Amino acid sequence: MESISVFEIIKVGIGPSSSHTMGPWNAASAFIRIIKRERSIEEVKEVFLEFFGSLAKTGIGHGTDIAGMLGLNGEDFTTINTSKIDEKIEKIKKDQILNLGGEKEIPFIYGHHLVLNMNKSLDFHPNGMIFKAVFEDGTELVQDFYSVGGGFIASQEKNSIQKHCVRTLYPCHHGSDIIKYCEKLGFERFSDLILVNEESWRSQEETRKEALNIWRNIKECIYKGVNKEGVLPGGLNVTRRAAGINRKLLGDKIYTNIDEWFQQVVDAEENFTNINKWIACFALAVNEENASFGRIITAPTNGASGVIPAVLMYSQAFTEFTSEDDIVRFLLVAGEIGTLFKKNATISAAMGGCQAEIGVSSAMAAAGLTEILGGSIGQVLMAAEIAMEHHLGLTCDPIRGLVQIPCIERNTMGAMKAITAANIALESDPAKAKVTLDEVIQTMWETALSMSDRFKETSEGGLAIAVNVPEC
């Protein structure tokens, strides 16, 4: 089994969906690379893109079509000015021209060159898409892609086309592997093992630097979210709430930058109610940014991108474990827990419902928090198990396919459950646990297989059809 770096699970992303926005964007970029490898951009006459299954059914709400066009246009979601996205898409549609790979302008008619096929699904995975390039000499290049969760993409020929095959020194594909290697190496902390394994991709100093970069992006995303008022795009008329909560909790305090704001949060009155409100505020802030095509941290998906930031921010604002080492260890452990779910179950809501997104992110956050609060390796794994145990069977049924209702509030619940799971684990003896993390991951996968497709990000069941929201 192939090893996965923690920074493939926790990474810089763009809203509103890792599987429905980042995945198609990555696929479009990959298709450009394939064209360059096989022929050249200059030889291309036309490009066609067709989305199937869940990608088509919830594509408009998730910006799947937008991601496909921008990816083909040579844009990078990690660097694009997100405030210019609407302008760029409007230009493509109005001019009916796509700048393929940023190198050659070709005709591109929305609805002809890009199609959302809601009546057909591809067999390999619910999130399927097919790209076709037609060259000047009449020959064609066709490639299928599948968005398998967290921004990862695959094809039928290759299980994953984004990663080089890496095998770590101490491969951890199950929770039992982590226990085994930590005992063998004499490690008392979960994160010590992960830090060693991450050397298969980069030095320990580079790993530390990347973790702190993730933390910087988390703070910036939350700060943006708590300072934006208004209504989220998409037509549901969902009002942003993080800014209002932030304002009420800080009262008349004034700040001019992110550091001043953070210090005021730290210095704010600490009681159970206020801390709970802050945790909800942090999660809401991130997911409101996500719903607005903002830059966020995918962890492990965009729909669940508020859980880990909320729990990590909670630890930095309201506990004594606030060093850079604590931040690094939190993210290493959280990311590694995410890899276990990806390898043994799924992190795609189209495959497993929201248990695969909010459930996994809650388990990740619970483990990370337990690690820095001084939990043993067994307690860290126990915290992850507890968090997932209480998300089993959670459906993915976003109203009108938008990552807003119930997705935004669901992140606040995932964060609260993660903190509760960590506190329970810290007061428990893992040797007396009746359910292991490996068992709950297997149960989650079996639940996913048994779940009706109506509850797997198709907008054909649950709240998506029970709540009638008129078009605006």
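Entry 1, helix 8 against helix 14. I looked up how the two run: helix 8 and helix 14 are roughly perpendicular to each other (an angle of 65 to 115 degrees counts as such). The axes of helix 8 (residues 190–197) and helix 14 (residues 324–344) cross at roughly 75 degrees and come within 9 Å. Axes are lines fitted to C-alpha atoms over the stretch in contact, and angles run from 0 to 180 degrees between N-to-C directions. Helices are DSSP runs of H or I of at least four residues, strands are E runs of at least two, and both are numbered from the N terminus.

I then listed the contact (heavy atoms within 4.5 Å). Helix 8 brings F190, S191, I194 and L195, and helix 14 brings R329, L332, V333, E336 and I337. By class I noted 6 nonpolar, 1 polar and 2 charged residues (Ala, Val, Leu, Ile, Met, Phe, Trp, Tyr, Cys and Pro are nonpolar, Asp, Glu, Lys and Arg charged, the others polar).

Source note. The model is predicted, with local features needing pLDDT of at least 70 and side-chain atom pairs pLDDT 80 or more, while totals for chains, interfaces and linings use all residues. Numbering starts from 1 along each chain as its sequence is written, and side-chain values use heavy atoms, without hydrogens and water.

Entry 2, strand 2. I checked the partners of strand 2 (pairing takes at least two DSSP bridges). Strand 2 (residues 44–52) is antiparallel to strand 6 (residues 128–135) over 7 bridges, and E50 has I130 as its bridge partner in strand 6. With strand 5 (residues 114–117), strand 2 pairs in the parallel sense over 4 bridges; L49 is bridged to L114 there.

Notes. Angles under 35 degrees count as roughly parallel, over 145 as roughly antiparallel, 65 to 115 as roughly perpendicular and the rest as oblique.
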